[in-house]
Amino acid sequence: MDISTAADELYGLAPERFTARRAELAAEAREAGDATGRAEIMALRKPTVAAWAVNLVVREHEDQVQELLHIAEELRAAQRGLAADRMRELSDRRRGAVTALTRAARDTAKAAGRQVPDAALREVQASFDAAVADENAERALRTGRLTSALSYSGFGEVDISDAVAALDARPRLAVVSAPGPAKRVPQDSARERVTQRRERAAAQARADLTDATRRRDELLTEAEQLRRRLGDIERDLKPAEAAVRAATRRLDAASR
């Protein structure tokens, strides 16, 4: 059994079954005289609960994951072109897709007999967000062999060296280019790469600011409408309060 096949099997198992099955596969490799294979299998690390849940979604919800990664490709193209309107549209789609996949991770894990804690679900969501933001993280996600959750700080590249097993083996999800402008070949200069990332981050920040401003205006309008309704209610309440006072006086008189 090659390392790719072994990794695919192991990272599809529930975490509590991982260690025992890894030992069995390593023993099979040893019996076959494959000392290198045995060492590679034993080096595979048990996944965290969050990583297992992400791997499970990659296996069980391939179409949804591919859709998110298509959105990621289109969003990067829009960021390179500084297309703010397109970025806002894709950002909304990204949030919806990530939310749906996080929910799928919770539900699929539950169907497999395991409850994923809220903290782990936040790591699941962060992993999908990282795959959208960074191509290294996307590459790791496609393998379906995460050992730990992914996260993106907003700058630089995601370090996946300790977050994925058998990275160089064949990925579970093939890379399919999304429609849109062709990618620009990155410059060799590290400064140019940093500049490109800063430009993308700035463009995304502008798009997010526009969304936040629009939402603020909507909330201000809603608050003004509520204030007007409150004024109407208070005006309607005054005659009712006067009627209650008059009725109370009549009741007092009748009591006397």
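User: What share of the protein's 256 residues counts as buried?

Analyst: In this predicted model, 37% of the 256 residues of the protein count as buried, where buried stands for a relative accessible area under 20%.

User: What makes Val-54 a buried residue, and where is Val-54 found?

Analyst: Val-54 has a relative accessible area of 1%, and the limit for buried is under 20%, so Val-54 is called buried. Val-54 is found in helix H4, which covers residues 49-60, and it touches Val-124, Ser-127, Phe-128, Leu-141 and Leu-146 when residues up to four places away in sequence are not counted.

User: How do you know that the side chain of Thr-108 makes a polar contact with the backbone oxygen of Ala-104?

Analyst: A polar atom of the Thr-108 side chain lies 2.6 Å from the backbone oxygen of Ala-104, and a polar contact requires a pair of N or O atoms within 3.5 Å.

User: Why does Asp-129 count as partly exposed?

Analyst: Asp-129 has a relative accessibility of 26%, and because the class of partly exposed runs between the buried limit of 20% and the exposed limit of 50%, Asp-129 is placed there. Asp-129 sits in helix H7 and touches Arg-94 and Val-98, again leaving out residues up to four places away in sequence. From C-alpha to C-alpha, Asp-129 and Arg-94 are 8.3 Å apart, with a separation of 35 residues in sequence.

User: Why are H6 and H7 called oblique to each other?

Analyst: H6 and H7 pack at an angle of about 140°, and their axes are 9 Å apart. Roughly antiparallel would need an angle over 145 degrees, and roughly perpendicular covers 65 to 115, so H6 and H7 are described as oblique. The crossing of H6 and H7 is right-handed. The contact is made by residues including Arg-94, Val-98 and Leu-101 of H6, and Val-124, Phe-128 and Asp-129 of H7.

User: What makes H5 and H8 roughly antiparallel?

Analyst: The angle at which H5 and H8 pack is about 165°, with their axes 12 Å apart. Angles over 145 degrees count as roughly antiparallel, and H5 and H8 are therefore given that description. H5 and H8 cross in a left-handed way. Val-65, Gln-66, Leu-69, Glu-73 and Arg-76 of H5 make the contact with Glu-135, Glu-138, Leu-141 and Arg-142 of H8.

User: Which residues of H8 are buried, and what covers them?

Analyst: Helix H8 spans residues 135-143, and Ala-137, Glu-138, Ala-140, Leu-141, Arg-142 and Thr-143 are buried within it. Their cover includes helix H1 (3-10), H4, helix H5 (62-80) and helix H7 (118-133).

User: What is found at the start of H8, and what follows the helix?

Analyst: At the start of H8, a side-chain oxygen of Asp-134 comes to within 2.9 Å of the backbone nitrogen of Asn-136. After H8 comes Gly-144, which has a positive phi near 65°.

User: How many helices and strands are there in the protein?

Analyst: The protein has 9 helices and 0 strands. Among its contacts between residues at least 6 apart in sequence, 69% join residues at least 24 apart.

User: Where does pLDDT stay under 50?

Analyst: The pLDDT stays under 50 over residues 176-187, a stretch for which the model has 18 contacts beyond four places in sequence. Where pLDDT is low, the predicted coordinates should not be read in detail. For the protein, the mean pLDDT is 82, and 81% of the residues reach 70 or more.

Terms used:
Residues numbered from 1 in each chain as written. Predicted model: local features only at pLDDT ≥ 70, side-chain atom pairs only at ≥ 80, totals over all residues. Heavy atoms only, no water. Helix = DSSP H or I, 4+ residues; strand = E, 2+ residues; numbered from the N terminus. Buried < 20%, exposed > 50% of the residue type's maximum accessible area, 1.4 Å probe, protein only. Contact = heavy atoms within 4.5 Å. Polar contact = N/O pair within 3.5 Å; in protein donor to acceptor, adjacent residues only side chain to side chain. pLDDT = per-residue confidence, 0-100. Axes fitted to C-alpha atoms, helices over the stretch in contact; angles between N-to-C directions. Parallel < 35°, antiparallel > 145°, perpendicular 65-115°, else oblique. Left-handed = near helix turned anticlockwise from the far one by under 90°.
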